[in-house]
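Please look over the structure shown here, with attention to a pocket and to a pair of helices. A short briefing follows.

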Amino acid sequence: MMKNRNPNRLGKALMVTGALLASAAPALAQQADAPKLDTGDTAWMMTSTAIVLMMTIPGLALFYGGMVRKKNVLATVMQSFAAACLLSVLWMIAGYSLAFTNGGALNAYVGGLDKMFLVGMGKESLTGTIPESVFMTFQMTFAIITPALICGAFADRMKFSSLLVFMSAWLLLVYAPVCHWVWGGGFLGSDGVLDFAGGTVVHINSGIAGLVAAIMLGRRQGFGQENMAPHNLTLTLIGGSMLWVGWFGFNAGSALGANESAGMAMAVTQIAAAAAAVAWMFTEWAVHRKPSVLGIVSGAIAGLVAITPAAGFVDPKGALIIGLIAGIVCFIAATSVKRALGYDDSLDVFGIHGVGGIVGALLTGVFAVEAIGGTKGLLEGNPGQVWLQFYGIVATILWSAIATFVILFVIKITMGLRVDKQTEVEGLDIGLHGEVVQ
């Protein structure tokens, strides 16, 4: 057996190795903590992005297009398609930066301009475990559908040129700031307001804007005297079904990964949508003696709207109750309340998205489960969360209403909002676009 002729050599080597490891430890720890791309998360988010875009084109286009009269169907689907094109460009230029960068002294209210034109966003840039390019595009699809939703409130009567100006200004001055408030480091998110996938950012925001727009433009010609029934409810059913499928990307995608939170969000989304559709159907059946196709589809959308803020925070039992309540409340808002107040919200943007968003945001504070989303709701002994939700609702309503009014007022006095009477009577398809459906 050979003996070690220099017993100190091994000790010195071990000491040197230990010193090297100790000096390298911080760097190794930093590498371990650095975000890494996850291919599974990335694949899910790319899928979610695609199906959320499908919600607008063709989902919302068909959903709204089927509900208007035949003479306005092309103008209506054009609005959704134009929104997808125009708002994508504006989101790339400035919207994303205003929503998701640090705004310095104004960061509580709006982001900065550091990423205008997506400067600095390379293919290696990450947001969590996914490429920032995927995150940006995912958020772009939200920015597309939110202004497009508003169009349903003033269907059949707004100038297309004015509509494009309105959507552009609204995206940058209303949507981007509210998005920043909740998801970009602004005051609502910092204060603890819960909005998993857009109850305030998307639905209350667009619903209130739709109500303001409907009032400012006034009623359609012949409203209350002429038959304004939907021309093709088959299109509406197809579009509504696409919205339902796309909503899984909307809600489960907001987990920003293929994880347990996304799985629960998908489950509660399906439960709430189905419950609200059933609740609306039976309520309408009891009141009007017949369950309608338009009613059951509208009920499903109401349930999807209401579960949106709660999707990452409630369990299936909470989702069931949220859906049932939303179906009944939104039915009342879209029928009795609208009729009593006399405003012409053509396709019930406020009644479904505004009211449904408010119901969902409040009930998130009631049914939030700590084991699901890390925050307790009223039923788990945290009544303060309901107050926080109310605070977020009020802040969104005030900003959306005031800013929307100002934008529309400026457009009204500079270029006008509404088409002339002859164009409205003949139809926007031929009057604005020179095309008709035969």
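**Largest pocket and a helix pair**

The lining of the largest pocket draws at least two residues from each of α2 (39-67), α9, α10 and α11 (316-341), where helices are DSSP runs of H or I with at least four residues, numbered from the N terminus. This is a predicted model, in which local features need pLDDT of at least 70 and side-chain atom pairs count only at pLDDT 80 or more, while totals for chains, interfaces and linings use all residues. Residues are numbered from 1 along each chain as its sequence is written, and side-chain values use heavy atoms, with hydrogens and water left out.

**Pocket**

- α11 gives the largest share of the lining of the largest pocket, with 5 residues.
- The 24 lining residues include Leu-294, Ala-334, Lys-338, Ser-346 and Asp-348, which are the closest to the centre of the largest pocket (lining residues have an atom within 4 Å of a pocket point).

**Helices α9 and α10**

- The axes of α9 (residues 260-288) and α10 (residues 293-307) cross at roughly 140° and come within 7 Å (axes are lines fitted to C-alpha atoms, for helices over the stretch in contact, and angles run from 0 to 180 degrees between N-to-C directions).
- α9 is therefore oblique to α10, since angles under 35 degrees count as roughly parallel, over 145 as roughly antiparallel, 65 to 115 as roughly perpendicular and the rest as oblique.
- Residues in the contact (heavy atoms within 4.5 Å) include Ala-272, Ala-276 and Trp-280 of α9 and Gly-295, Gly-299 and Gly-303 of α10.

Conventions
1 Å grid on protein atoms, 1.4 Å probe; cavity = no way out; pocket = protein on both sides within 12 Å on 5 of 7 lines; lining within 4 Å.
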